[in-house]
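Colleague: I'd like to learn how to read a model like this one. Could we go through it feature by feature?

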Amino acid sequence: MNKTPTKTIKGPCYIERGAAKFQVKGNVTLAFINDTSDVESALAGKIGKILEAQRAEAKFTPLEFSRLEDLFPFINWVFGDSVISKNKEPLKIYSRGEGNAANVIELPTSIMISFSALSLGSKTDPLGEFTILCLPDFSKSLKDPEALCKETVVANGWNPPSLVSANILRLPFFGMLKSSTEEIAFDFEDGASVEFNITLSDDSTARTGLFDKLVDAIEVSAKFKCKNISEANWRKIAKLYGFANLGDFIGGGSSPDLIIRGAKAGDYEFTIRSAEPDGERQLIFSRTENRFGELTFVSTASDVESKFSIGLAEADYVFGQGAQG
């Protein structure tokens with residue numbers, strides 16, 4: 001694999017993916033990548049390379065967004081999906097030129113392939129780096145300089161959109177394990193981190209090289225430390241012991257949902273479906289430290305159903321009283 005020099009597009013800049021728009025924190029890095037294989041001769045050894053595929057990758061950290069869901073399109077993906085059919089959009093990167101001109105880089109086909117964790121709390125930056133994969137326009141020859149990337153200068157084209165600040169995620173979120181028969185609410189010591197591990201495989205042809213990505217697996221997990229919860233309820237949600245026999249089946253869509261939300265109606269509400277505690281669970285016996293160690297919950301929903309959703313709380317929530325109204 002041979003990478004051409006990376007192009008760093010210095011801020012201020014913003015991104016358009018179809019109808020989705022993102023204001024960028026810092027710079028956008030655009031790397032052009034040639035996938036090649038070596039050509040070898042029995043007499044001369046390595047004598048050259050064959051171009052097998054061409055693509056680009058854009059990396060950025062969003063500061064503002066049109067809709068939060070636009071950053072996480074995998075919430076509508078399931079096992080085996082073609083990402084191109086679910087998520088294909090043209091990509092435009094705008095940076096400010098002289099006066100009110102805009103330098104515009106256009107890439108014909110883009111898909112989101114790597115996603116930042118969500119840091120939910122009032123003390124941390126909520127979003128990190130995302131990666132967008134860009135593929136050529138296969139109706140054109142790769143020798144056409146505009147097959148993969150087109151650069152233009154648009155007079156009076158610098159018009160940054162009015163977007164939603166990522167700081168709207170700096171809320172005092174709390175958590176809740178909710179089933180059809182019970183809900184247990186709790187505060188977080190320092191917020192919660194929701195992490196996404198999306199496994200994609202290449203789909204290619206001899207004519208085009210890489211032309212799509214297929215969904216192999218979607219993993220969603222959350223990490224946090226509980227506060228304002230009784231030890232009995234903590235032991236219950238952590239499934240510390242006494243909840244199953246060896247060989248019992250756990251999860252598979254039958255577990256409670258983990259909900260992370262703000263206290264007010266209209267605040268963001270995130271749901272990890274069929275969430276089960278995973279890994280080590282600690283009780284800490286200390287005069288100064290929190291009694292309850294960090295918990296990790298993972299979605300045990302199957303790969304053919306949605307594991308994570310983004311919504312808005314429908315009603316205020318008061319601890320000890322539940323949802324209001």
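Predicted model: local features only at pLDDT ≥ 70, side-chain atom pairs only at ≥ 80, totals over all residues.

Colleague: How many helices and strands are in the chain?

Modeller: Helices (H or I, at least four residues) and strands (E, at least two) are DSSP runs, numbered from the N terminus. Here the chain has 2 helices and 21 strands. Its C-alpha atoms fill a box of roughly 70 × 55 × 35 Å along the principal axes.

Colleague: What percentage of the residues in the chain is buried?

Modeller: Buried means under 20% relative accessible area, exposed over 50%, and partly exposed in between, with a 1.4 Å probe and protein chains only. Of the 325 residues in the chain, 43% are buried. As for the surface, accessible areas come from the Shrake-Rupley method with a 1.4 Å probe, and for residues only the protein chains shown count as cover. The chain exposes about 16500 Å², with carbon and sulfur atoms supplying 47% of it.

Colleague: And the contacts?

Modeller: A contact means heavy atoms within 4.5 Å. Among contacts with a separation of 6 or more, 69% join residues 24 or more positions apart.

Colleague: Now the empty space. What is the idea there?

Modeller: Rolling a probe the size of a water molecule over the atoms shows where empty space is left. On a 1 Å grid over the protein atoms alone, a cavity is a set of points where a 1.4 Å probe fits but cannot get out, while a pocket is an open set with protein on both sides within 12 Å along at least five of seven lines; lining residues have an atom within 4 Å of a point. Grid points are joined across faces, edges and corners, and a volume is the space filled by probe spheres set on the points.

Colleague: Which residues lie nearest the centre of the largest pocket?

Modeller: Arg17, Arg67, Asp70, Pro73 and Asn87, out of 15 lining residues. The largest pocket holds about 260 Å³ of space. For classes, Ala, Val, Leu, Ile, Met, Phe, Trp, Tyr, Cys and Pro count as nonpolar, Asp, Glu, Lys and Arg as charged, and the others, Gly among them, as polar. The lining of the largest pocket then has 6 nonpolar, 2 polar and 7 charged residues.

Modeller: The second largest pocket has about 200 Å³ of space. It is lined by 14 residues, with Asp35, Ala53, Arg55, Asp202 and Leu210 closest to its centre. Strand 5 (45-65) is among the elements that supply at least two lining residues, along with strand 13 (183-205) and strand 14 (209-227). Strand 5 gives the most, 4 residues.

Colleague: How many cavities of 30 Å³ or more does the structure hold?

Modeller: It holds 1. The largest cavity has a volume of about 40 Å³, and its lining includes Phe74, Trp77, Ile218 and Phe308. By class, that lining has 6 nonpolar, 1 polar and 2 charged residues.

Colleague: Is Leu135 buried or exposed?

Modeller: Leu135 is buried, with a relative accessible area of 1%. It sits in strand 9 (residues 130-135), and the residues it touches include Arg55, Ile84, Leu148 and Leu210.

Colleague: Last one: how do I read phi?

Modeller: Most residues other than glycine have a negative phi. Asn156 has a positive phi, near 55°, and lies in the loop between strand 10 (150-154) and strand 11 (164-165). Asn228 also has a positive phi near 55°, in the loop between strand 14 and helix 2 (231-238). Asn156 is exposed at 57% relative accessibility, and Asn228 is exposed at 59%.

Note on methods:
Residues numbered from 1 in each chain as written. Heavy atoms only, no water. Lists of a residue's contacts leave out its neighbours within four places in sequence.
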